[in-house]
Amino acid sequence: MEILVKSSAETQQLGRTLGQLLQPGDVLVVSGELGAGKTTFVQGIAAGMGIEAQVTSPTFTIIHEYQGDEYPLYHIDAYRLEGAAEIDELGLEDYFYGDGVTAVEWAEKIEGQLPPDYLYVKLEKMPAHPDHRRIRIGEEGSGTYAGLIEELRQVCRC
Ligand SMILES: Nc1ncnc2c1ncn2[C@@H]1O[C@H](COP(=O)(O)OP(=O)(O)OP(=O)(O)O)[C@@H](O)[C@H]1O
Ligand SMILES: [Mg+2]
């Protein structure tokens with residue numbers, strides 16, 4: 001599905017709607033260039049999961065954990081990861097196959113480590129409108145997220 005939003009508030013609102021639908025074990029890859037709005041979208045997801053803490057871009061901490069109403073959100077920002085040893089140290093499988101929702105920014109850095117099935121959210125800047133974004137949501141893998149995407153489509157009528 002594809003949505004055009006006109007402000008960071010709208011990006012957060014879409015994230016919040018999705019956050020309300022996510023289940024433990026769900027993995028999301030949030031991509032887009034620097035400043036595209038990945039963290040902004042994850043802030044919305046957190047709100048949708050009942051998290052009141054401010055979600056920020058971790059500076060040196062790669063993984064941030066937040067307690068939601070029902071289950072945790074693991075926010076991974078892999079931007080500063082360098083090398084296989086550092087990646088191994090994170091124990092990513094514990095998150096991906098754990099009891100929470102995992103959202104990953106800069107998943108390019110952990111290529112090959114992602115689970116086979118995940119939901120993707122791709123944010124794209126619009127050159128003519130600094131506050132507009134094209135957001136594409138879909139899935140990779142064998143259909144695990146088809147139901148979720150359909151639900152989202154119905155809820156946001158897009
Ligand atoms: N429609 C929009 N959606 C999201 N962010 C927007 C939008 N319009 C403007 N912005 C601004 O763009 C910036 C996006 O920052 P954000 O930290 O979310 O990006 P990011 O993709 O996580 O960047 P990074 O690659 O550094 O992690 C914010 O300053 C936000 O206010
Ligand atoms: Mg970010």
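**How helix α1 packs in this model**

The crossing of α1 and α5 is right-handed; a crossing is right-handed if the near helix is turned clockwise from the far one by less than a right angle, and left-handed if anticlockwise. This is a predicted model, in which local features need pLDDT of at least 70, side-chain atom pairs count only at pLDDT 80 or more, and totals for chains, interfaces and linings use all residues. Residues are numbered from 1 along each chain as its sequence is written, while chains are lettered from A and ligands numbered from 1 in the order in which they are written.

**The protein overall**

- The protein has five helices and seven strands. Both are DSSP runs numbered from the N terminus: helices are H or I with at least four residues, strands are E with at least two.
- From the N terminus, the order of elements is β-α-β-α-β-β-α-α-β-β-β-α.
- The radius of gyration is 15 Å, close to the 15 Å that the globule rule gives for 158 residues, so the protein is as compact as a globular protein of that length. The radius is taken over C-alpha atoms, and the rule is 2.2 Å times the number of residues to the power 0.38.
- Along the principal axes, the C-alpha atoms fill a box of roughly 40 × 30 × 30 Å.
- Buried residues make up 33% of the 158 residues. Buried requires 20 or more other C-beta atoms within 10 Å of the residue's own, exposed 12 or fewer, and partly exposed lies in between, with C-beta atoms placed from the backbone.

**α1 against α5**

- Two packed helices are described by the angle between their axes and the distance between the axes.
- The axes of α1 and α5 (residues 146-156) come within 10 Å and cross at roughly 130 degrees. Axes are lines fitted to C-alpha atoms, for helices over the stretch in contact, and angles run from 0 to 180 degrees between N-to-C directions.
- α1 and α5 are therefore oblique to each other. Angles under 35 degrees count as roughly parallel, over 145 as roughly antiparallel, 65 to 115 as roughly perpendicular, and the rest as oblique.
- Leu14, Thr17, Leu18 and Leu21 of α1 meet Leu148, Glu151, Leu152, Val155 and Cys156 of α5. Contact means C-beta atoms, placed from the backbone, within 7 Å.
- This contact of α1 with α5 has seven nonpolar, one polar and one charged residues. Ala, Val, Leu, Ile, Met, Phe, Trp, Tyr, Cys and Pro count as nonpolar, Asp, Glu, Lys and Arg as charged, and the others, Gly among them, as polar.

**α1 against α2**

- The axes of α1 and α2 (residues 38-48) come within 6 Å and cross at roughly 45 degrees.
- α1 and α2 are therefore oblique too, and their crossing is right-handed.

**Inside α2**

- α2 is mostly covered, with nine of its 11 residues buried.
- Its buried residues pack against α1 and several strands, including β2 (27-31) and β3 (63-67).
- Just after α2, Gly50 takes a positive phi of about 85 degrees.

- Leu18 is in α1 (residues 8-21). Leu18 counts as buried because it has 27 C-beta neighbours inside 10 Å.
- Beyond four places in sequence, Leu18 is in contact with Ile45, Gly48 and Leu152.
- Thr40 is in α2 and is buried, with 20 other C-beta atoms within 10 Å.
- Thr40 and Ser8 are 32 residues apart in sequence, yet their C-alpha atoms are 6.8 Å apart.
- Beyond four places in sequence, Thr40 is in contact with Ser8, Thr11 and Gln12.

Methods:
Two residues are in contact if their C-beta atoms, placed from the backbone, lie within 7 Å.
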